[in-house]
Amino acid sequence: AAAAAHAHKNWRIALLVQASLLFVVTLRIATVPLSQVDVPSRAQSARVDCFALPAEAQGSLTRVQNLIREMREMLQGMNRNPLTLSMSSILCLFHAVASSLALWAAPYLWLSDHAPSGLMTLILSACVLFALPTLGAWLGAIACDRLEGFKAGMHSVALKVACCFATVAALCGPLNSATESFLPRFLLLSCWMFSAGAVLPICCALLMTSMPSYLRSFNAASMFLILHLLSYAVAPTIVTILMGCFIRPEKALNFGVSLAFWTTTPAAILLIFTYAREPKGSGPSSLSGVDDLSLGDVSYELARRRMSTAPL
C-alpha cells in the first residue's frame, strides 16, 4: 500500500510537470509574431542560409564584431601617432613622481636635518602639494596661451614651453641628492611641484590636439586608464618594494624620494626629443588636422580630469 501511494504521488508530480511544460510551450507559440509563421512567404524565400543564426543573435554578434573592429582601428590610429605616445609616457612618469611624493614628502622632510615639528612639517607639505601644482598649472597654461601654443599647427611652441618647465623639474633630482637639510629639500619639493604643474596643461592640450576629433574620446579614456594603473598603482608599489630592502626608515625615504625625483630626468629627455623631432612651423599639422584650443577649453579639461590635484 505504501509503494502504491508513493507511485501514485510520483505519477501526479510527473503529470504536473508535463502540464507545466505544455503550458509554457503553448504560451511561447501564442506570442510568436505572425511574420515568423507566415509559411507561404517563407516557402517562397527558402534558401540554403535558412540554417543561419536568428536575427537577434546575429545582430548581437555583429555589434560585438563591430565594437572589436572599431577598438582595433582606434588603437592602431593611436599607435601611429608618435606625439600621443610621447605625451602619454611623459604624463605617466610625471604622475608617478607626484604620487610618490604625495605619499612620502611629509615623513621625508620631517626626518631631514633641522626640521620643524611633525605637525608643522605635515601642514607645510600639505600646502605645497595642494597649492603649487594648481598655481603652476595656471601659469603654465597662461604662458603657453600667450605664445599661441594652443593653436592648431603650433605644437612646437607648446613643446618648447613644456621643455623649459620640465628641465627645471629634472634639475631637482641631482640637487636633492646633494643636500640633507630641511629648507633646501622643502624648496626643491616646491620647485618640482610648481614645474610639474606647469607641464600638465601643456601636455593635456597636446593630447587633445594631437588626435583627430573622432579619436579624442577614446584616446582620453584609454590614456587615463593607463595613467591610473601605471602611475598610481604599479609605480608606487615597485618603489615601496625597493624601499623595503632598507632597515633604517630615513635611508628608505631618501632612496624612495631620490628615485622619484630622478624619474623626472627621462621624462624631460623624452620631452626634449619630442620637441626636436616635431616640425617647426606655423602651418596645420598634416597628421592630426585639428582645430584651435582656447585657454578656457584647456582649463575645462583640467578641471574635468582633476589632473593637478590627482595625487591628493
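This report describes a helix pair, a salt bridge and one serine in a predicted model.

**Helices α4 and α10**

Helix α4, spanning residues 82-110, and helix α10, spanning residues 249-262, have axes that come within 9 Å and cross at roughly 145°, and the crossing in which α4 passes α10 is left-handed. On the α4 side the contact is made by Val-97, Ser-100, Leu-101, Trp-104, Pro-107 and Tyr-108, which meet Leu-253, Asn-254, Val-257, Ala-260 and Phe-261 of α10. Of the residues in this contact, nine are nonpolar and two are polar, while no charged residue takes part.

**Ser-88 in α4**

Helix α4 also holds Ser-88, and this residue, setting aside neighbours within four places in sequence, is in contact with Leu-207 and Met-223. Ser-88 has a relative accessible area of 16% and is therefore classed as buried, since the cut-off for that class is under 20%.

**The salt bridge**

One salt bridge is found when the whole structure is searched. Glu-250 pairs with Arg-248 in a salt bridge whose closest N and O atoms are 2.5 Å apart. Glu-250 counts as partly exposed because its relative accessibility is 22%, and Arg-248, at 48% relative accessibility, likewise counts as partly exposed, the class that lies between the 20% and 50% limits.

| Residue | Relative accessibility | Class |
|---|---|---|
| Ser-88 | 16% | buried |
| Glu-250 | 22% | partly exposed |
| Arg-248 | 48% | partly exposed |

Notes. Residues are numbered from 1 along each chain as its sequence is written. This is a predicted model: local features need pLDDT of at least 70, side-chain atom pairs count only at pLDDT 80 or more; totals for chains, interfaces and linings use all residues. Side-chain values use heavy atoms; hydrogens and water are left out. Axes are lines fitted to C-alpha atoms, for helices over the stretch in contact, and angles run from 0 to 180 degrees between N-to-C directions. Helices (H or I, at least four residues) and strands (E, at least two) are DSSP runs, numbered from the N terminus. A crossing is left-handed if the near helix is turned anticlockwise from the far one by less than a right angle, and right-handed if clockwise. Contact means heavy atoms within 4.5 Å. Ala, Val, Leu, Ile, Met, Phe, Trp, Tyr, Cys and Pro count as nonpolar, Asp, Glu, Lys and Arg as charged, and the others, Gly among them, as polar. A salt bridge is a side-chain nitrogen of Lys or Arg within 4 Å of a carboxyl oxygen of Asp or Glu. Buried means under 20% relative accessible area, exposed over 50%, partly exposed in between (1.4 Å probe, protein chains only).
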